[in-house]
Amino acid sequence: MFSALRPFAVVSLSVVLAQGARAADEAKPADPNAKPKITFEEHIQPIFREHCLSCHNQNEAKSDLALDTYARTMQGGAGGEVVVAGDLESSRLYALVAHIETPVMPPEQDKLPAAKIDLLKQWIMGGAAESQGSKIRIKPKVDLTLNVSSGNKPAK
């Protein structure tokens, strides 16, 4: 009789162990040295609401750029992508807001406070997450530089 129950007991035990392991993973204390995840919903969207949406919204998308939703922000505008996750140099939005390139944004206004610009920088460099539950997907940068040496010997 007990041998007939053994497969059920093994399956039940493995389910219990798997749930226990999952609960233990979830119960692990957060790494105190880990930086908080900067997200569009929690950190960036409020900045855009305050400083950008008067010109870059779904109804009046200057340069075809709307910043009112994550999807529209990541879509970019007439000039292409404005945010490239993990790549600050290729993220034109950051360059304009940080007054590195022109036209500076927001136009005819002072530069945003350094703390807000830093949040934007951290968001982009951290993978431009939409929300706390978002998985970060940073495209690897490919270096296509061709190094040519003089002579027939390879460079050392």
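## The loop between α4 and α5

Pro-103 lies in the loop between α4 (92-97) and α5. The model is predicted. In it, a cis peptide bond joins Thr-102 to Pro-103. Omega for that bond is about 0°.

Pro-106 is found in the loop between α4 and α5 as well. Its bond from Met-105 is also cis. Here omega is near -10°.

His-99 belongs to the loop between α4 and α5 too. Its phi is positive, at about 60°, although His-99 is not a glycine.

## The loop between α2 and α3

Asp-64 sits in the loop between α2 and α3 (70-75). This residue has a positive phi of about 60°. Asp-64 is not a glycine either.

Is Asp-64 buried or exposed? The cut-off for exposed is over 50%. Asp-64 has a relative accessibility of 53%, so it counts as exposed.

## Overall make-up

The protein has 5 helices and 0 strands. Along the sequence the pattern reads α-α-α-α-α. The chain has 156 residues, and 28% of them count as buried.

The accessible surface of the protein is about 11500 Å². Carbon and sulfur atoms account for 56% of that surface.

## How α2 meets α5

Helix α2 covers residues 40-51, and helix α5 covers residues 114-125. The two pack at an angle of about 135°. Their axes are 10 Å apart. Roughly perpendicular ends at 115 degrees, and roughly antiparallel starts over 145. The angle falls between these limits, so α2 and α5 are oblique to each other. Their crossing is left-handed.

Which residues of α2 and α5 meet? From α2 come Phe-40, His-43, Ile-44, Ile-47, Phe-48, Glu-50 and His-51. From α5 come Lys-116, Leu-119, Leu-120 and Trp-123. By class, this contact has 7 nonpolar, 2 polar and 2 charged residues.

Ile-38 is found in the loop between α1 (2-27) and α2. Its relative accessible area is 11%. Buried means under 20%, so Ile-38 is buried.

What does Ile-38 touch, leaving aside its neighbours within four places in sequence? Its contacts are His-43, Ile-44, Leu-119, Gln-122, Trp-123 and Ala-129.

Conventions: Residues are numbered from 1 along each chain as its sequence is written. This is a predicted model: local features need pLDDT of at least 70, side-chain atom pairs count only at pLDDT 80 or more; totals for chains, interfaces and linings use all residues. Side-chain values use heavy atoms; hydrogens and water are left out. Axes are lines fitted to C-alpha atoms, for helices over the stretch in contact, and angles run from 0 to 180 degrees between N-to-C directions. Helices (H or I, at least four residues) and strands (E, at least two) are DSSP runs, numbered from the N terminus. Angles under 35 degrees count as roughly parallel, over 145 as roughly antiparallel, 65 to 115 as roughly perpendicular and the rest as oblique. A crossing is left-handed if the near helix is turned anticlockwise from the far one by less than a right angle, and right-handed if clockwise. Contact means heavy atoms within 4.5 Å. Ala, Val, Leu, Ile, Met, Phe, Trp, Tyr, Cys and Pro count as nonpolar, Asp, Glu, Lys and Arg as charged, and the others, Gly among them, as polar. Buried means under 20% relative accessible area, exposed over 50%, partly exposed in between (1.4 Å probe, protein chains only). Accessible areas come from the Shrake-Rupley method with a 1.4 Å probe; for residues, only the protein chains shown count as cover.
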